[in-house]
Amino acid sequence: WRVTFDAVVDDRDLMESYLPAFEACVQAGAEQVMCGYNAVNGVPACASSMLLTDTLRSRWGFNGSVVSDFDAWANLVTTFHAADNFTSAAAMGLNAGLDQEGGGNRAVSKLADAIKAGLTSAEQVDKAFRRLFRTRIRLGMFDAPASVPFNQLKFTDLTHRHHQLALQAARESLCLYKNQGGVLPLAKRGRLAVIGPGAVLGQLLLGNYMEPGVQPELIDRILSGIGRELGESVDFANAVQRCGQGDSVCDEIAGASVHFAAGCKAVECPSQDLFAAAERAAAGADATIVVLGLRYDAIGDCLNCTVLDPPERCAWSGCESEGYDRLNLDLPPNQYALVRRLREATSKPLIGVFVHGGVFALKNLKDDLDAILDAWYPGATAGEAVADALFGRYSPAGRSPVTWYSSADDLPRNRSNVSWYAPPGYSYRFFGGQADILFGHGLTYSSFVYENGTADQVVHGCAPMTVSMSLRNTGQYDSDEASRYAWLPFGCICRNLNYCSRLPARGSCPIEEKARTQSKQGGGAAVIADQQVLFDT
């Protein structure tokens, strides 16, 4: 379906809702852009001069190259039938601004024929050639191998700098959605129960499209990080490594201060056979951490589930993958059941740690869990990053980049070609139901005060507008603050488009944020924090 879908969208939707994220990537210095499988307003994206030349290069100033998604250039013939043959397709893509064919070579192999037929020119080929080779030159591919530092790197050449970058990424991805009664951060005393296979699995933490050859010992499991914080032994750490080697995990690991009970043999949690042991661990602990979420699989092969003919078990597989559509928004049912049983087993703090890519319905998790820390797929430093947040070494400050709906029934029935503005609208701005987690929601361990706000008095046409404010940390923890702000078009009766800007706030010293917002034609801007409009022009 993705290779035939035509996204019908008006100019306003395209410019205000869909393109800003892509423009932000270009302005941040992207070297290459990929054109997608779908069409936009009847024109395949890989044949759209409006997208690849007028918007990407002329408006945004992009000087890198464009590659097609796998076989998307060939799809101009095979799925969209926009071209009669690959010779025509070669010219169509090249003339639109496409430089490189991803996948096979059915289109680019016909470029010589397209030139002979007068469908394109050698000058167009030269443009694409220069764009592609500019990148290769920047990479040093034509320099003496010994003079290019990258050529000397080995897979095992990991440095402290690499580790710190991975740790920073994992930490800054953490989102704290609930912290009832301030149960987090945890004190480093007493006995802790850790439940769930995601606590010991390694490859799971890397998500899909990961490097399959990563050495298991280089992946810091969530349980390993927790164990280190509570002073567990090397034997405990080695047991964690052995426990999570495959897709299924061991039943239990008992340490001096940490008791791991799997609860489920795998993420899909096919049975409740291990629930009783998990309940006992929780009942004997001062606090319980349960790791929940989804799992990835090979592209298009989620436990051999297919979209066209899904086995019954695919509905509860908890699997997500490219080329596979989930059948609902639920976790595997036994994960919900496990949390309910843990809640009945203990009145002490019950903390959920989520590991996943796509979102899921919370159901009883909303009430049964005292705190919810979302790690997404946190990468190879997961153990250290999650433990830092759980025990207060680091204050999570992420905000949810998506809306968490409570059911697939809350999604529009026809999710194709729905306007973001025409009634009933689309996305979080128009959703009238009760979402589990709102877009942009996220807590920290600290508190903040916004003050001394100023804004340009005159904004007109496409002139930039500058707003500034002071942000003061009034809490007990050093923490970043993701300031929420919105773009408000003048005369617009629609809901706000929300954005976040992450700011470091250490101690009680005020820092100043200056947000430079490029207003659209006839537009305006506002800055929003905690649902309160600070500036509105």
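Visitor: Which residue stands opposite Gly352 in strand 13?

Guide: This is a predicted model, in which local features need pLDDT of at least 70 and side-chain atom pairs count only at pLDDT 80 or more, while totals for chains, interfaces and linings use all residues. Residues are numbered from 1 along each chain as its sequence is written, and side-chain values use heavy atoms, with hydrogens and water left out. Strand 10 (residues 287-293) runs parallel to strand 13 and is joined to it by 6 bridges, where helices (H or I, at least four residues) and strands (E, at least two) are DSSP runs numbered from the N terminus, and two strands pair if DSSP finds at least two bridges between them. Opposite Gly352 in strand 13 stands Val290.

Visitor: In strand 14, which residue is the bridge partner of Gly352?

Guide: Strand 13 also runs parallel to strand 14 (residues 371-374), and 4 bridges join the two. In strand 14, the bridge partner of Gly352 is Ile372.

Visitor: How many residues of strand 13 are buried?

Guide: Buried means under 20% relative accessible area, with exposed over 50% and partly exposed in between, for a 1.4 Å probe and protein chains only. On one side of strand 13, Leu350, Gly352 and Phe354 are buried, and on the other Ile351, Val353 and Val355 are buried as well. For strand 13 (residues 350-355), the buried count is therefore 6 of 6.

Visitor: How many residues apart are Tyr177 and Trp404?

Guide: Rings of Phe, Tyr and Trp (its six-membered ring) pair if their centres lie within 6.5 Å, with planes under 30 degrees apart counted as stacked, over 60 as edge-to-face and the rest as tilted. This rule gives 9 aromatic pairs, among them Tyr177 with Trp404, edge-to-face at 5.6 Å centre to centre and 70 degrees between the planes. Tyr177 lies in strand 6 (residues 175-179) and Trp404 in the loop between helix 13 (382-390) and strand 15 (448-455), a separation in residues of 227.

Visitor: Phe354 and Phe360 also form a pair, so how many degrees lie between the planes?

Guide: Phe354 is buried with a relative accessible area of 0%, and Phe360 is buried with 1%. Their rings pair edge-to-face, with centres 5.0 Å apart and an angle between the planes of 65 degrees.

Visitor: At roughly what angle do the axes of helix 8 and helix 13 cross?

Guide: Axes are lines fitted to C-alpha atoms, for helices over the stretch in contact, and angles run from 0 to 180 degrees between N-to-C directions. The axes of helix 8 (residues 222-229) and helix 13 come within 7 Å, and their crossing angle is roughly 50 degrees.
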